[in-house]
Each structure stands twice: as structure tokens, then as C-alpha cells.
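Please read the briefing below alongside the sequence and the model.

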Amino acid sequence: MKAAILDTGYENALKAEASDEAEARLENLQELVNAAVDYDEQAAQGLRDFIDHSALVADTDQYKADVPVTLMTAHSAKGLEFPLIFIVGLEDGLFPHSRSLSDASDIEEERRLCYVAMTRAERFLYLTHAVKRRVYGEELASEPSQFLNEMPLELIEDLSHGRSWLSFARGSTAVEDDAHLPAHRETKSRGRYEGKTYDSAQSIADFFKNRATRLGQPQSRPNVSSAARKAEQNQQGQSPASDALPGSYVRHAKYGRGLVLRREGSGDQIKLTVSFPGYGQKKLVEKYAGLEKA
């Protein structure tokens, strides 16, 4: 600790500043060295645990109990409790962090931290995750955190306005019927668009057929787009060569159901990056992966 303070020139910089704030920081550094000595004599965990403890004390000291909303990291929340807690960003790559996904010990540490964050709530705990996030200007699908699947599902109430991770986790894959929607969703469902849509091969074919009639062309088979023909083939039981697009779900023989995050390459060299709960992200060659539409 002394080497970090002296050899970096930090102590001399504070002395040269000659302000009340610099003087207070110098006193804090002296107390930090004293605390390090005491910790070294009383504990055997080592430097990392001491630094974590020191950061914890500093964050807690800065906490103001009289503010309406407190925004903090899960680390900073240690030792504090609140009537209501929101844990946001519960997505693989965020919590747990992407750098931890390949190391079991790192995952375990983040799992412990998630538990700490959850136990900070005295009465209400809200868990949130985004369906999509914009990363470096590109909108990518997000996979719900694997920690969510480890929580007791029977104790969680689904407050989502649409199909959520929780509905899939409980085994529901069907589109929800309006009659079974909770009360907080009814307003949104009543405002749903009820007009003409083009979400099937038949409706697209009808559109081109009517358009051809207005232009005085013969009412032969419409020039349906390739996308419409693919949809029509699906309705006839013919699966397209490839439809594993980012944001869609696939099923793998070993890893189970996963979310497609990225699609790269072309032809036989198409590679998919798929996030599988409990297994993390896997990069698969689509041709040989044996994926099925989930």
C-alpha cells in the first residue's frame, strides 16, 4: 500500500496541491495504510479481499439515505437495505458479464453477487431484462440471464406487457389469449391495431392480385415476393433452407433451446452465434449444427 501511494507520486501531488481537500485525502491514505496493517494481522484472505472491503466502506460512507432514488452497483449495495429494489440488465453478457461466461469460478462469483443484490430488498424486488439492446449502433437480441432460470419461478410474478422470459421458462410457447391477460395488460390489448395486415403468404398474394387488377393486368398468379413464397412453403410444410435469423429461437440436440444473436457468412459457411441458457454463447456452423426451429 505504501509503494502504491509513494512510488506513483500520489502523496507528493496531494501535498503540492495544498488544499483542504488534498489534506483530507492524505489523512485518508494514512488511515488506509493503518487499515491494511490491521487487516493483514487479522485476516488471511489477501490483498484482493482487503481492496474489496475498502471500496465497500467508502461507497457506504457516501450513501445518502434521504434521497428518493439511489443508483448504485451491486458491489456498493453490500450492507445496505431498501424497501424496493430494481435489478436491471439481467442478461447474459451483462450479468453475468461476458468476461465471466467462460470461467466457472467467475460465474460463481457473479452468482453470489446477484444473490447479494436480491437480498438487499426488504419488501419488493423487481428483475428486468431487455429484449434487444443497441451495441455500437447495431440492435442485437439479448438473452435473459442464466441466473433467472435458477430462481424459484413459482415465487415470481410476471409483469411484462408481452411474452417474456418467464412465460417460456414456465413452458408456455403459445401466443397468449386476451381473455387470460392480467389486468395491467388489458389497456394495451384494447389499443391493438385491428386493421388489414400482411403477415401471411395469402394476404400478400391477395395484395398483389388486387394491385394487378387495378393496373388492368390479367388475374394470373401474382408475382409474389420470394419472402412470401417462403412463407407459403412453410404453410405447406416445406421448411426453407435457412431461417435462423438474429432474434429467433432454435433448438440444439445437446444445448437445448437458444437465442440466435448473430449470423455471419454465406452458403455452407454460415456461422451462427447462439446463446444457450446454462451453456453460454456457442458459435455453430449452421449446415452441420442440426438446429431446429424452436
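What follows is an overview of the model, and then grouped points on helices, cores, surface and salt bridges.

This is a predicted model, in which local features need pLDDT of at least 70 and side-chain atom pairs count only at pLDDT 80 or more, while totals for chains, interfaces and linings use all residues. Residues are numbered from 1 along each chain as its sequence is written, and side-chain values use heavy atoms, with hydrogens and water left out. The protein has 10 helices and nine strands, taken as DSSP runs numbered from the N terminus (helices: H or I, at least four residues; strands: E, at least two).

**Overall figures**

- Of the 294 residues in the protein, 27% are buried, where buried means under 20% relative accessible area, exposed means over 50%, and partly exposed lies in between (1.4 Å probe, protein chains only).
- The accessible surface of the protein comes to about 20400 Å², with 51% of it belonging to carbon and sulfur atoms; such areas come from the Shrake-Rupley method with a 1.4 Å probe, and for residues only the protein chains shown count as cover.
- Among contacts with a separation of 6 or more, 42% are between residues 24 or more positions apart, a contact being heavy atoms within 4.5 Å.

- Helix 3 (residues 20-42) has 23 residues and should span 33 Å at 1.5 Å a residue, which agrees with the 33 Å between its end C-alpha atoms; the expected span is 1.5 Å times one less than the number of residues.
- The buried residues of helix 3 include Ala 22, Leu 26, Leu 29, Val 33 and Ala 36.
- Helix 5 (residues 104-118), with 15 residues, reaches 21 Å from its first C-alpha to its last, close to the expected 21 Å.
- In helix 5, Ile 107, Glu 110, Leu 113, Cys 114, Val 116 and Ala 117 are buried, and the buried residues of this helix pack against strand 1 (82-87) and strand 2 (121-127).
- Ser 100, in the loop between strand 1 and helix 5, is buried at 9% relative accessible area, and touches Asp 106, Ile 107 and Glu 110, not counting residues up to four places away in sequence.

**Nonpolar cores**

- In soluble globular proteins, nonpolar side chains tend to be buried together.
- The largest nonpolar core has 17 residues, and those with the most contacts inside it are Ile 87, Leu 90, Phe 95 and Cys 114; a core is a set of buried Ala, Val, Leu, Ile, Met, Phe, Trp, Tyr and Cys residues joined through side-chain atoms within 4.5 Å.
- Strand 1, helix 5 and helix 6 (165-169) each supply at least two residues of this core, and the largest share, four residues, comes from helix 5.
- Leaving aside neighbours within four places in sequence, Cys 114 is in contact with Leu 90, Phe 95, Phe 147 and Met 151.
- A second, separate core has 10 residues, including Val 250, Val 260, Ile 270 and Ala 289.

**Nonpolar surface patch**

- Leu 84, Phe 86, Val 88, Phe 124, Tyr 126 and Leu 159 form a nonpolar patch on the surface, with about 560 Å² of accessible area together.
- Patches are made of residues with over 30% relative accessible area and no salt bridge, with like charges joined within 9 Å and nonpolar side chains (Val, Leu, Ile, Met, Phe, Trp, Tyr) within 5 Å.
- Strand 1 and strand 2 each supply at least two residues of this patch; Phe 86, found in strand 1, is exposed, with a relative accessible area of 52%.

**Salt bridges**

- The structure holds nine salt bridges, each defined as a side-chain nitrogen of Lys or Arg within 4 Å of a carboxyl oxygen of Asp or Glu.
- Glu 21 and Arg 25 form a salt bridge with their closest N and O atoms 3.0 Å apart; being four residues apart in helix 3, they are separated by about one helical turn.
- Both partners are partly exposed, Glu 21 at 48% relative accessible area and Arg 25 at 38%.
- Glu 91 forms a salt bridge with Arg 133, the closest N and O atoms being 2.6 Å apart, and this pair links distant parts of the chain, 42 residues apart, with Glu 91 in the loop between strand 1 and helix 5 and Arg 133 in strand 3 (residues 132-135).
- Glu 91 is buried at 2% relative accessible area, whereas Arg 133 is partly exposed at 34%.
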